[in-house]
Amino acid sequence: MPFRGPDLLRSGALLALAVLLSLVGRTAGSAPGGAGSAAPPPASAAAPQQPADDRRDLEARLQAQPDDAALRIRLAVQLARAGALAEARGQLEAVLRRDPASAHAFAQLQMLNAEMARQAYARAGLGEGPGTSRAVQLQPLPQAEGATTTPPPAPGIPASPAQAAPAASVPPAAQPAWGEWRTWGWPLVALLLALAAGTAWAARGRAAAEHNAREPEAAPPTQPAAWSSAAAPEQRLLEIYRLVGAGRLAEALAAAESLDQDEPAFALAQQTYGDLLLASGGQLEGFARPAASAGLPSPPPQRVDALRQQALLRLQALREAPPEGHVPRQFLVLPPGVKHALAVDAARSRLHLFEHRDGRLIRQASFYVALGSQGVGKRVEGDQRTPLGVYHITRRLEDRQLGDFYGPGALPLNYPNEHDRRLGRSGANIWLHGSPPGQYARAPRATNGCIVLANDDLRGLLRTLQPQRTPVVIAQPLEWVAPQAQQPRQALVFELLERWRQARSKADLPRLAALYARHFDNGETGLALWRERLAAELARDGPRERRLTDLLALGWQEQGEQLLIEFVEHGPGGSALRRRQYWAREGGQWQIFSEGVFE
């Protein structure tokens, strides 16, 4: 499925970015008891002794008395003790939908959300191990509060609509379908400041809460097709951001919970789920930063920074999606036999997959990737940098040939190529490969120089790409151009090749040799020995017409303009040789500085 970046952007992904990634103020939400309400007891606090309830009995009684808040809270207590935290949360939310002023239900929900967030953070590597568990001791509704149909307002809550605090400045259509006992708002200015500071979750709106109290209980939100289990995890995450930006918070939380269950190794999804849980109860101060009232330890700053950077890069790629129909400048000419091409935008940690069809490059998909821990621009062995330049996939390695660290397999690149060797670069084993067990994706700068994808993404590439016939461009950043803008450089490629072909066909050694640079070096011979080889070939074959087919041409800028030109040369007697030439423009002239011949 093509990556529809602009569509999601128009739908509100920037709003989600401002909200989820740039929260700088303390969360303004508070329990219905008001700013002076006491923080909920920690999850491990002992509850007062209550008569044991039978879960099935409570469920049966709720069928007959669905509006009984005390029964629902007692059922939530039982569900939490049984470890069914999501179900317990659903019961508490049902109470709050009917009675937004229930301070007791809100306090229990805060406690429950804090424990669920702790578990999500642990799966994201932001806290103690996921295997650790805590008892969640929710408390039933006190008898005094449950004695009346409408509980008295908690301290700090106005007793009548006339005394209610003004609602947050959010249009009614933007208010969440769940919990209008809380409203959420963000100044429009923050949305226009790309990646700038956003606002905290807005304060509870009393007017919206009272309106919702008169409404029947809303049905659980249905799962949008955009984040069904068939959608890619990243698309589902971006859809969660979009839902938050649209104010559809119940759907966002449900989507995050679904993604949490389907992809427990996707740390960024786990962190987002934890943040949404805490934010819904006013216990989030920023990105992966619980409020003190949540009773959670502060996550490791380095890990938080890595996740924040990953989220920023994923959303930056969405916000700055390339123009429709444009292609990377490096792709000049591709032969019909090349079905796919890859381009890595190192500045955005993004890999783009193109299909080559009917002479056109069509962007098929886009994937998040992790790159070298020390950045890009590889120079020497062990510098933990990802190389920049033009390469191709040399072979396919299956998982049975590798260890678990590489995921389902690997696609090695031909680094160092002739251009790298010319510049004295060293190193080897630069691969595209998958992620180790227990990791959906690695941090943006975390590899030894390889390009690392999520395992599902790599499996698709392993099935799709053809070794030796898949060019790979790595740039920082990619420069996108309209296909027609490539015509002058394409004409240059054809002109250079025609000069070479004519000199070769006419057995004109001086003209042919003049096309080779004095510093020619293909890793085996220098110019003198290569000239001797060319002379011997021309003497053997004489003036014979040459035909060039299967042309591939890539161009890039590094210490001047560079061209990689590859083609099949058809000569006397039906002979056919594949040649790979590296051209550079030096002193105003284009010359070949390296050439390889393949049978």
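Reply: Let's start with touching: two residues are in contact when heavy atoms lie within 4.5 Å. This is a predicted model, so local features need pLDDT of at least 70 and side-chain atom pairs count only at pLDDT 80 or more, while totals for chains, interfaces and linings use all residues. Residues are numbered from 1 along each chain as its sequence is written, and side-chain values use heavy atoms, with hydrogens and water left out.

Me: Which residues does Ala 105 touch, not counting those up to four places away in sequence?

Reply: Ile 73, Leu 92, Val 95 and Leu 96. Ala 105 sits in helix α5; helices (H or I, at least four residues) and strands (E, at least two) are DSSP runs, numbered from the N terminus. Arg 72 is 33 residues away from Ala 105 along the chain, yet their C-alpha atoms are separated by 9.6 Å.

Me: Is Ala 105 buried or exposed?

Reply: Buried, because its relative accessible area is 0%. The cut-offs are under 20% for buried, over 50% for exposed and partly exposed in between, with a 1.4 Å probe and protein chains only.

Me: Which residues touch the most other members of the largest nonpolar core?

Reply: A nonpolar core is a set of buried Ala, Val, Leu, Ile, Met, Phe, Trp, Tyr and Cys residues joined through side-chain atoms within 4.5 Å. Here the largest one has 65 residues, and Leu 112, Leu 138, Leu 268 and Leu 278 touch the most other members. Helices supplying at least two residues each include α2 (55–64), α5 (103–123), α9 (233–245) and α12 (301–319). The top contributor is α5, with 10 residues. Take Leu 268: leaving aside neighbours within four places in sequence, its contacts are Leu 237, Tyr 241, Phe 287, Leu 307, Gln 310, Ala 311 and Arg 314. Apart from this core lies another, of 25 residues, among them Val 344, Leu 351, Ile 430 and Leu 465.

Me: At what angle do α9 and α12 pack?

Reply: Two packed helices are described by the angle between their axes and the distance between the axes. Axes are lines fitted to C-alpha atoms, for helices over the stretch in contact, and angles run from 0 to 180 degrees between N-to-C directions. For α9 and α12 the angle is about 85°, with the axes 11 Å apart. On the α9 side, Glu 234, Leu 237, Leu 238 and Tyr 241 meet Ala 311, Arg 314, Leu 315 and Leu 318 of α12. That contact divides into 6 nonpolar, no polar and 2 charged residues, where Ala, Val, Leu, Ile, Met, Phe, Trp, Tyr, Cys and Pro count as nonpolar, Asp, Glu, Lys and Arg as charged, and the others, Gly among them, as polar.

Me: What is the strand order in the open sheet of 5 strands?

Reply: Strands of a sheet pair through backbone hydrogen bonds, either parallel or antiparallel. Two strands pair if DSSP finds at least two bridges between them. The order here is β4-β17-β18-β19-β20, with antiparallel pairing. The edges are β4 (331–333) and β20 (589–598), each with a single partner strand, so one side of each has no neighbour in the sheet. From one strand to the next, the twist averages 20°.

Me: How many residues lie between β18 and β19 in their hairpin?

Reply: There are 5, and Gly 573 in the turn has a positive phi of about 65°. The β19–β20 hairpin has 2 residues between its strands, and its turn residue Gly 587 has a positive phi of about 60°.

Me: Which way do the residues of β5 point?

Reply: In a regular strand the side chains alternate between the two faces of the sheet. In β5, His 340, Leu 342 and Val 344 point one way and Ala 341, Ala 343 and Asp 345 the other, and all are buried. β5 pairs antiparallel with β6 (residues 350–357) over 6 bridges, and parallel with β15 (residues 471–475) over 4 bridges. Val 344 stands opposite Ile 474 in β15, while Asp 345 has Arg 350 in β6 as its bridge partner.
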